[in-house]
Amino acid sequence: MVESSKIVRPVQGIKDSYLAQARAKRLMNLILLVVFIVMLVSGFNTADQRNAGGFWAGLPNILDFPADVIGEAIARRHLLPGYMVKYFPSLLETVNIAAASTLLGAMLGLVLSLVITRGLAPVPWLIIPVRRVLDILRAIPEIVVALVLIFLLGGGPVPAMIAIALHTVGALGKLFSEVNENASLKPVEGLESVGASWGQRMWLGVIPQVAPNYLSYALLRFEINIRASAILGFVGAGGIGYDLRNTISWGQGKFDEAAAIFLLLFLTIVAVDQISSMFRHRLTNGQPSAKVML
Amino acid sequence: MTATATVLHGPTVALFSRKKIISFSVPLIIIIYFVYIFVSFDIAGIGDRINVNNARTLVADAYSFKTHVTQDNRTGEFSVAIEGERKGEYLSGTAPGWVTLGDRPVVDLGKGHIITFGPNVSYDIPGYGTIVATPGKRGVNATFPPGELPNYISASKNRVTVNTDAGRLTITRNRTEVFKYTYGWELFFFTLDSPYHGLGVWQLVNRAANGEAAAIFHDVWTNRMWRHGDVAWAMYETLLMAFLGTFGAALVALPLGFLAAKNFTPLRSIRFASRRVFDFLRGVDGLIWTIVLSRAFGPGPLTGALAILMTDTGSFGKMFSEALENVDDKQVEGVTSTGAKPLQRYRFGVIPQITPVLISQVLYYLESNTRSATIIGAITGGGIGLMLTQAIGTQKDWEEVTYYIVLIIIMVMGMDTFSGWLRRKLIKGEDDGR
């Protein structure tokens, strides 16, 4: 009898302390949740006050503009194909800005990613400073570089291309270096033993191992850059964004051209997303490359 | 043995030749593409389009400022103003140390360059001589030392400009103006009308200790040149846009994610519909959402926050539904076996499994949305993005542009660090807590 009560008491104690702990944790979670909700609601109110038009006042009108645009587009739908042909060159420019900057950024990012990967870096003391440079490149929003370059070079696609490429270098440099860390060092050592230079070791030993991952990240970046390129056009850097701003500023009664541009942009983004995600899927999971054992 | 070798030989050669073709054709295609870009973007014409003067102003302005010393040649009125702006004007009777006030004010540009104002303006250039001008109705009437004019002086009947390393003097019939360049950012803490202008750090600390801290802070906060108060508000607005957009999207996307996940919504049509909604929200880019929403709500941070919310609801919905489809059923079955109701099954069987994924995704987006909020702010008119575009639009306040860029970089990097810290903290807490 005495024995069993002795056992029960510690169990009871453990149970109590467990429940107390669980209660404390639940209370903590509840407090965090309340704080979070208060922040969200008060933040929303602040944003609402500092906005030119209020949320509740604007909510009923939210569909007015889309309705205008869609209405006009339907009313003059026979003109839409013509507009699409008219704005196709601008669209091409936007896509070209994205593609060229992704390519440039990926190439430079590739080189820098090898420079900042431990074990592969040719000059170890360069790792930290180059990483910081990449951090800064990643932190600068594209629009900052683009606006300054527009001031220096005038409008057009080149400022946008440089701005997006710089950001891409920062973003891909970091992702690529994470990929490089997973590369096996054996081929690199093998190449080193036969006297290959750093460039040859990287080109023949590392890049073939991780190229599919590089490509997958670069494609993802291309999707992001298409959007960025459209936005930069809107602030004056050419392409479809620039036309969109012009056509919208023409005002009511002329929204059919804006509708055509909306549609072009939407279709392009969706198409690029779909195609690129299909390729990425193939690169990451499927289709093992034809293997030949030697 | 030989048979295997022959069998392998053919495909191997084929593979090698294919690889050879690829390794040569990919660089070739890239080069051809860049040539096309070079032509279609007219990169060769950049040299003609680049505005060297703008570049020079920009770089010089980013680390130095100029003080204008101006005399109205008709009324004799004399003024000294930083950047020639009214809000940087020295009160009458005061001037920087290198200007001696009086009937004939004297400006000492340093290195022996002395300019004397008055009805006759004279500029003593060391190693060259003295230029004397008597601006009046009939022109500038300048006399120069004998010999040919050096190329840093341009003179005509109505205008004389002298551009030396020490500064720049412009004389026209109506105005005499001197620009002196100084390193640094002018009036960064106090404007000239503040009693604290020109005090040293220790004097300020002393005064602050004597109960003037609030007044000192007020003068910095309301500095009319740099508008520190407005800048702080703008940064807060930008962060607010990112915060509201990201977490609002996460809250909206979580229930929708269940609708799009195969193992939670058996009805194919609902799944299909919610997935198309996500695709639509993502496909209509943040730019278009910003335009559409600003028509209804006007410019401001709320519009930016909602634009981010719309786009990210699409992205999060897609990611959440994928995470939900990867949920391990065993944990849910275990919870069910204890007699849990459906809601409890979700709460204790599903949510703990997906929270680490959700939190890391959401926090990753929070950092990237800080950058987006800057960009969207520039379009929709809110936050630091708007102040930046305005400063760039004036085409002369490059020191402010530099300041904003530095602030933006610090803000984004800070957000990156913060979200990384929070992610580690929350996900680690999640692991040992449950």
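Helices in these views are DSSP runs of H or I with at least four residues, strands are E runs of at least two, and both are numbered from the N terminus. The model is predicted: local features need pLDDT of at least 70, side-chain atom pairs count only at pLDDT 80 or more, and totals for chains, interfaces and linings use all residues. Residues are numbered from 1 along each chain as its sequence is written, while chains are lettered from A and ligands numbered from 1 in the order in which they are written.

**View 1. Asp42(B) sits in a loop of chain B.**
Look between α1 (2-40) and α2 (46-49) of chain B, and the loop there holds Asp42(B). Its phi is near 55 degrees, a positive value in a residue that isn't glycine. Is Asp42(B) buried or partly exposed? It counts as partly exposed, because 13 other C-beta atoms lie within 10 Å. The scale goes like this: with C-beta atoms placed from the backbone, 20 or more others within 10 Å of a residue's own make it buried, 12 or fewer make it exposed, and anything in between is partly exposed.

**View 2. Domains 1 and 2 in each chain, as the domain assignment has them.**
The bounds come from an automatic or database domain assignment. Chain A gets domain 1 (2-50) and domain 2 (69-293), and the C-alpha centres of these two are 45 Å apart. In chain B, domain 1 covers 66-183 and domain 2 covers 228-427; here 57 Å lie between the C-alpha centres.

**View 3. The UniProt "domain: ABC transmembrane type-1" stretches in chain A and chain B.**
UniProt lists residues 91-276 of chain A under this name, in an unreviewed entry. For chain B, the UniProt annotation, again from an unreviewed entry, covers residues 235-419. UniProt positions are given in the numbering used here, feature names are shortened, and annotations may be inferred rather than shown by experiment. In the model, residues 91-276 of chain A come out as 83% helix and 0% strand, with 18 Å between the end C-alpha atoms. Residues 235-419 of chain B are 87% helix and 0% strand, and the end C-alpha atoms are 17 Å apart.

**View 4. Chain A meets chain B.**
How many residues does each chain put into the contact? Chain A brings 51 residues and chain B brings 55 residues; two residues are in contact if their C-beta atoms, placed from the backbone, lie within 7 Å. On the side of chain A that touches chain B, helix α1 (residues 2-50) of chain A supplies the largest share, with eight residues. Sorted by class, that side of chain A has 36 nonpolar, nine polar and six charged residues. For the sorting, Ala, Val, Leu, Ile, Met, Phe, Trp, Tyr, Cys and Pro count as nonpolar, Asp, Glu, Lys and Arg as charged, and the others, Gly among them, as polar.

**View 5. Phe55(A) and its contacts.**
Phe55(A) belongs to helix α2 (residues 55-58) of chain A. Which residues does Phe55(A) contact, leaving aside neighbours within four places in sequence? They are Asp48(A), Phe297(B) and Leu302(B). Phe55(A) counts as partly exposed, with 19 C-beta neighbours inside 10 Å. Leu283(A), 228 residues away along the chain, has its C-alpha atom 45 Å from that of Phe55(A).

**View 6. An open antiparallel sheet in chain B, ordered β2-β1-β12-β11-β10-β9.**
Six strands build this one, and two strands pair if DSSP finds at least two bridges between them. β2 (78-82) and β9 (153-155) of chain B are the edge strands, each with a single partner, so one side of each has no neighbour in the sheet. On average, neighbouring strands are turned by 10 degrees against each other, direction ignored; axes are lines fitted to C-alpha atoms, for helices over the stretch in contact, and angles run from 0 to 180 degrees between N-to-C directions. Strand β1 (residues 64-72) of chain B pairs antiparallel with β2(B) over five bridges, and His68(B) stands opposite Ala81(B) in β2(B). β1(B) also runs antiparallel to β12 (residues 175-183) of chain B, joined by nine bridges, and Asp72(B) has Arg175(B) in β12(B) as its bridge partner.

**View 7. The hairpin of β11(B) and β12(B).**
Two residues lie between these strands. Four bridges join β11 (residues 168-172) of chain B to β12(B) in the antiparallel sense, with Arg168(B) partnered by Phe179(B).

**View 8. A six-stranded open sheet in chain B, ordered β3-β4-β5-β6-β7-β8.**
The pairing is antiparallel here. β3 (99-100) and β8 (142-143) of chain B are at the edges, pairing on one side only. Further in, β5 (residues 113-116) and β6 (residues 121-125) of chain B run antiparallel and share three bridges. Ile115(B) has Tyr123(B) in β6(B) as its bridge partner.
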